[in-house]
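Work through the exercises below with the sequence and the model at hand. Each task is followed by its solution in steps.

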Amino acid sequence: MKALVKTELGFGHLEIQDKEEPQVGKDQVKIEVIYAGICGSDIHTYEGHYKVGVPVTLGHEFSGKVVEVGEGVTEFKAGDRVTSETTFYICGECEYCKAGDYNLCNHRKGLGTQQDGGFAKYLIARKYSVHHLPDHVDDQSAAMTEPLACTHHAVMKTEINEGDIVVVIGPGPIGLFTAQVAKSQGAKVLITGLTNDKVRLDKARELGIDYAVDTQEKDINELVNSLTNGYGADVVFECSGAAPAAKQGLDLLRKKGQYGQVGIFAQPEVSFDLEKIIQKEIRVVGSRSQKSADWEPSLELMNNGSVNAKAMVTHQFDITQWEEAYQAIKSGKAIKVLLTPVD
């Protein structure tokens, strides 16, 4: 089968390779990939900003159907529609694993980063990470369960009350998912972007986000103040990974507000105004990836219509057209890009 493989660290080094079909083992499930989403971290990996265990088949967002199960697997059978968490291996012994916080296990290996992932026709997942798809979740939407689960994880690390003003900075797929999850919690949501984010801001309006703001055209501070009697936003989620956006987020928050960092920065060290965190008593939370507890709620958010993932798909390519997919994302014309496998 053909697979899209990151062969070396650094910029580029991504190529289509012929690989043997993976063999299923004990407590494992073999999945035929139907759709696989390109994540922002795949872009960071391609550009050399994000390290993975090379060589490895990328792709950690996917949907598919079960084609074979290993010894000890009774929960799934051939033909089942599924998706899988990215967790492929954990130590199972550390405090984080015992608490279900697999995303924090130092020994965790993830699909598409340390273990061959979904940019291929088949992959192997551990049965504990696989989830059945609800009836009202189509295959395209299901391929985006992982990024939705990441945003569910981030939102659940904050406290949102009915009517709170929530600002989401960055209208990419993660920002659009975060905005929808925050709305499902009863918040009034503003999502912000730049002029070249027009396609994404238009999509936010289509998705029913309360305010989609081009901050190069409109004063976001003035809008937030008008909605909060000058107090500021209750919660800010920074989803762009841009250092200036982090600063803007702190400015927009009210005293005792909550700041959630979701976007990944291209460089790990960024300037951050700690004085403002002190003086405004801001609570700052980081959010890394997702964990098992985020997956079923995320599938249900799509199943009950609270989150519309399918509407975010703008482009589809097969894995041999990776370069075109990359250019579509970098041009700002794409929102969510899905890849399909080839034989």
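**Exercise 1.** How far is the sulfur of C105 from the closest cysteine sulfur, and in which residue is that sulfur?

Solution. The model is a predicted one.
Step 1. The closest cysteine sulfur to that of C105 belongs to C97, at 3.6 Å.
Step 2. A disulfide requires two cysteine sulfur atoms within 2.5 Å, so the sulfur of C105 is too far from that of C97 for a bond.
Step 3. Turn to C39: its closest cysteine sulfur is in C150, 6.9 Å away, which is also too far for a bond.
Step 4. The count of disulfides by this rule is zero.
Step 5. As to accessibility, C105 is buried at a relative accessible area of 6%, and C39 is buried at 15%.

**Exercise 2.** Is K127 buried or exposed? Determine also where K127 lies and what it contacts.

Solution.
Step 1. K127 sits in the loop that runs between β9 (122–126) and β10 (130–132).
Step 2. The relative accessibility of K127 is 12%. Buried means under 20%, so K127 counts as buried.
Step 3. Set aside the neighbours within four places in sequence; K127 then contacts D27, Q28, V29, G72, V73, E75 and F76.

**Exercise 3.** Locate R200 and describe its surroundings.

Solution.
Step 1. Helix α6, residues 198–206, contains R200.
Step 2. With a relative accessibility of 13%, R200 is counted as buried.
Step 3. Beyond neighbours within four places in sequence, the contacts of R200 include P171, G172, P173 and L176; I329, G332, A334 and I335 are also among them.
Step 4. For G172, the C-alpha to C-alpha distance to R200 is 6.6 Å, although 28 residues separate the two in sequence.

**Exercise 4.** With which side chain does the side chain of E296 make a polar contact?

Solution.
Step 1. E296 belongs to helix α10 (residues 295–303).
Step 2. Its relative accessible area is 44%, so E296 is partly exposed.
Step 3. The side chain of E296 forms a polar contact of 2.6 Å with the side chain of H131.
Step 4. L133 is 163 residues from E296 along the chain, and their C-alpha atoms are 9.4 Å apart.

**Exercise 5.** Which residues line the second largest pocket, and how do they divide by class?

Solution.
Step 1. The volume of the second largest pocket is about 170 Å³.
Step 2. The lining consists of H44, H49, Y50, G263, I264, F265, A266, Q267 and P268.
Step 3. Sorted by class, the lining has five nonpolar residues, four polar ones and no charged ones.

Terms used: Residues are numbered from 1 along each chain as its sequence is written. This is a predicted model: local features need pLDDT of at least 70, side-chain atom pairs count only at pLDDT 80 or more; totals for chains, interfaces and linings use all residues. Side-chain values use heavy atoms; hydrogens and water are left out. Buried means under 20% relative accessible area, exposed over 50%, partly exposed in between (1.4 Å probe, protein chains only). Helices (H or I, at least four residues) and strands (E, at least two) are DSSP runs, numbered from the N terminus. Contact means heavy atoms within 4.5 Å. On a 1 Å grid over the protein atoms alone, a cavity is a set of points where a 1.4 Å probe fits but cannot get out, and a pocket is an open set with protein on both sides within 12 Å along at least five of seven lines; lining residues have an atom within 4 Å of a point. Grid points are joined across faces, edges and corners, and a volume is the space filled by probe spheres set on the points. Ala, Val, Leu, Ile, Met, Phe, Trp, Tyr, Cys and Pro count as nonpolar, Asp, Glu, Lys and Arg as charged, and the others, Gly among them, as polar. A polar contact is a pair of N or O atoms within 3.5 Å; within protein, one must be able to donate a hydrogen and the other to accept it, and residues adjacent in sequence count only if both atoms are side-chain atoms.
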